[in-house]
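Please read them alongside the structure.

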Number of protein chains: 2
Amino acid sequence: MGAVNGVKPPSERVQRKRGKRIQEILTAAAELFGERGYDAVSLEHVAERLDVTKGSLYYYFSSKDELGTAAIETLGDEWTARLEQLLDRTEGTPGDRLRALIHEHVTIAVNDYPAALRLFLMPREWPSAQRERIKELRLRHDALFRALVEEGLTSGEFTVTSVDTVLQCMHAAMSQAPTWCGELPSAARGKAVDEVADTLMALVHIGP
Amino acid sequence: MGAVNGVKPPSERVQRKRGKRIQEILTAAAELFGERGYDAVSLEHVAERLDVTKGSLYYYFSSKDELGTAAIETLGDEWTARLEQLLDRTEGTPGDRLRALIHEHVTIAVNDYPAALRLFLMPREWPSAQRERIKELRLRHDALFRALVEEGLTSGEFTVTSVDTVLQCMHAAMSQAPTWCGELPSAARGKAVDEVADTLMALVHIGP
DNA sequence: ACAAAATTTGACTCTCAAGTCAAGAGTTGA
DNA sequence: TCAACTCTTGACTTGAGAGTCAAATTTTGT
């Protein structure tokens, strides 16, 4: 126990600095992955956006997959946070709130992370360790929707065959939205997003 | 006009043979692409499945993208044909038939082409010529669903906010289904597919 | 049987991106 | 100031997969 560890840990300040740097990298990577998808983004791209060279990234992350999962986690956190904020400022019945949540989710997907589909819904084979983290991430994200759906079921406002299935379908449609809303002129986009929200509310048997 | 063409065309039999060979290649390629996705399949894989070498494929197709789009077209044809057959043997209201169609589509996706999502729904940048063909393909496929939905609307059985949006959402969910139904033990799979069909029928405001 | 045409081969080039690493530049703390 | 540590660089290796092509093999028509 009392054995002296041969290496001394870096000072706290240095560690904080390192943490910050890592966050910068993760943010840049998350943006790129969200815009273009994991496979389409090379580490050189990420490095370029940060004005450094690829080698630096390997000083912080031991592989692209490791950077990838960590970045996706950052992206997921950011996304979930925005949805939570929305819920905080939205009043009303479960139906009202679910509609708002769907609307916000699609808006984020369309505007900021059009390639999110490829990140979260894909059967891509990650190294198993990192698979777990991504799964958790999706669960946390899912939980927001699930909670509302269950609330609406309890209150009798909603009707569903299977909560799981409804959530899967909802997610699939929402994540897919960028590929058809993205092409629209921005004038039509708002309307398209509204229609998606209205349409998906039908999954819990609420009509517009 | 009467100018003699310097090259003689191959005999009809030879041409038929060539056509057959091309179909063999396209079928093998379509299967692989449907199973694993375009990017994950190399021409060596395709060649291997056919017990030839990559070079042969270039004798028939000038690039991977060309083979790719042609193969996807084959896959789409096959898929559409199966759906049409199903409709031929299914009687009932538009609601009954739409449910059957959804069920069949998901079944095909789950069993045969789990990676179809990556082929049809992806914003991947194909060379523009080939983009058009893929778009047409989707339209034809879409038309089956659209016709039924419109029939149901006319008869007053269905209600929707936007036909387009309903169809997009439906497709997104159906194509996504393999990623969550695929993992299930085959016993549970049938039930899962049923639930997807029931759930998606809600999009046209028909409950189970 | 045989020449011409169709097909297949396998070795080749090219490119791109992942990953490595020794050497250099910048920072820290005594 | 200076030694130790942290970070960055850029040149390097490696591997995979697209695409090329002359030569070999097989098929065809006469």
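**Notes on the predicted model**

1. Let me start with residues 19-79 of chain A: this stretch is 79% helix and 0% strand, and its end C-alpha atoms are 21 Å apart. Helices (H or I, at least four residues) and strands (E, at least two) are DSSP runs, numbered from the N terminus. UniProt, in an unreviewed entry, lists these residues as "domain: HTH tetR-type"; UniProt positions follow the numbering used here, feature names are shortened, and annotations may be inferred rather than shown by experiment.

2. A word on conventions. This is a predicted model, where local features need pLDDT of at least 70 and side-chain atom pairs count only at pLDDT 80 or more, while totals for chains, interfaces and linings use all residues. Residues are numbered from 1 along each chain as its sequence is written, and chains are lettered from A and ligands numbered from 1 in the order in which they are written.

3. Chain A as a whole has 9 helices and 0 strands. Its C-alpha trace spans about 65 × 50 × 35 Å along the principal axes. Of its 208 residues, 37% are buried (20 or more other C-beta atoms within 10 Å of the residue's own, with C-beta atoms placed from the backbone).

4. On the pairing of the protein chains: chain A superposes on chain B by a rotation of 180° with 0.0 Å of shift along its axis, at an RMSD of 0.1 Å (least squares on the C-alpha atoms of residues with pLDDT of at least 70 in both copies). That is the relation of a two-fold axis. Both copies use the same surface, as 100% of the contact residues of chain A recur in chain B; contact here means C-beta atoms, placed from the backbone, within 7 Å.

5. The contact itself takes 25 residues from chain A and 25 residues from chain B. On the side of chain A that touches chain B, α8 (163-181) and α9 (186-201) of chain A each supply at least two residues, and α8(A) has the largest share, 9 residues. That side divides into 12 nonpolar, 10 polar and 3 charged residues. Ala, Val, Leu, Ile, Met, Phe, Trp, Tyr, Cys and Pro count as nonpolar, Asp, Glu, Lys and Arg as charged, and the others, Gly among them, as polar.

6. Which residues come nearest to DNA strand C? Of the 21 around it (C-beta atom, placed from the backbone, within 6 Å), they are A:Ser11, A:Ser42, A:Lys64, B:Val52 and B:Gly55. α1(B) gives the most to this surface, with 4 residues.

Notes: Contact = placed C-beta atoms within 7 Å. Buried ≥ 20, exposed ≤ 12 C-beta atoms within 10 Å, placed from the backbone.
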